[in-house]
Amino acid sequence: MSALFNFHSFLTVVLLVICTCTYLKMQFPAILEQKTGFRGFFWKAARIGERLSPWVSVGCFMMGVSIIFF
């Protein structure tokens with residue numbers, strides 16, 4: 001089943017994209033300089049990860065617990 005049709009998988013993919021983009025922006029800032037176009041989507045995901053990092057980390061923790069136990 002595709003991640004688009006399964007809500008649990010969709011949330012996992014969204015959290016992984018946010019965390020990955022934030023990590024890449026911290027390590028290689030030149031990659032995500034463009035704020036428009038295709039790479040602009042990843043810049044916005046990195047911005048969400050930077051500004052909402054406590055909530056994203058809680059979401060990642062809860063998603064990990066739910067994947068392990070459910």
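Why? The model you are looking at is predicted.

Start with the whole chain. The protein chain has three helices and zero strands. Read from the N terminus on, its elements run α-α-α. Along its principal axes, the C-alpha trace spans about 40 × 25 × 15 Å. The chain has 70 residues, and 21% of them count as buried. Now consider contacts between residues at least 6 apart in sequence. Of these, 54% join residues at least 24 apart.

Next, find the helices. Helix α3 takes in residues 53–69. Two packed helices are described by the angle between their axes and the distance between the axes. Keep both numbers in mind for each pair below.

Return to α1 and α2. Which residues make the contact of α1 with α2? On the α1 side they are Val17, Ile18, Cys21, Thr22, Lys25 and Met26. On the α2 side, they include Phe41, Phe42, Trp43, Ala45 and Ala46. Arg47, Ile48, Gly49 and Glu50 of α2 also take part. By class, this contact has ten nonpolar, two polar and three charged residues.

Take Cys21, which is found in helix α1. Is Cys21 buried or exposed? Its relative accessibility is 5%, so Cys21 counts as buried. The cut-off for buried is under 20%. What does Cys21 touch, not counting residues up to four places away in sequence? The answer is Leu32, Phe42, Ala45 and Ala46. Look at Ala45 in particular. Cys21 and Ala45 are 24 residues apart in sequence. In space, they are 6.2 Å apart, C-alpha to C-alpha.

Now take Thr22. Thr22 also lies in helix α1. Thr22 has a relative accessible area of 15%, so it is buried. Leave aside its neighbours within four places in sequence, and Thr22 is in contact with Ala45, Ala46, Gly49 and Glu50. Compare the two lists.

Now turn to α1 and α3. They pack at an angle of about 135 degrees, and their axes are 10 Å apart. These two helices are therefore oblique to each other. α1 passes α3 in a left-handed crossing. From α1, the contact draws on His8, Leu11, Thr12, Leu15, Ile18 and Cys19. From α3, it draws on Val56, Gly59, Cys60, Met63, Ser66 and Ile67. How many residues of each class are there? The contact of α1 with α3 has eight nonpolar, four polar and no charged residues. Notice Ile18 of α1. It belongs to the contact with α3 and also to the contact with α2.

Finally, bring in the record. An unreviewed UniProt entry carries the annotation "transmembrane region" for residues 6–24 and 52–69. What does the model show there? Over residues 6–24, the chain is 95% helix and 0% strand. The end C-alpha atoms of that stretch are 27 Å apart. Over residues 52–69, the chain is 94% helix and 0% strand. Here the end C-alpha atoms are 26 Å apart.

Terms used
Residues numbered from 1 in each chain as written. Predicted model: local features only at pLDDT ≥ 70, side-chain atom pairs only at ≥ 80, totals over all residues. Heavy atoms only, no water. Contact = heavy atoms within 4.5 Å. Helix = DSSP H or I, 4+ residues; strand = E, 2+ residues; numbered from the N terminus. Nonpolar A, V, L, I, M, F, W, Y, C, P; charged D, E, K, R; others polar. Axes fitted to C-alpha atoms, helices over the stretch in contact; angles between N-to-C directions. Parallel < 35°, antiparallel > 145°, perpendicular 65-115°, else oblique. Left-handed = near helix turned anticlockwise from the far one by under 90°. Buried < 20%, exposed > 50% of the residue type's maximum accessible area, 1.4 Å probe, protein only. UniProt positions renumbered as here; feature names shortened; annotations may be inferred.
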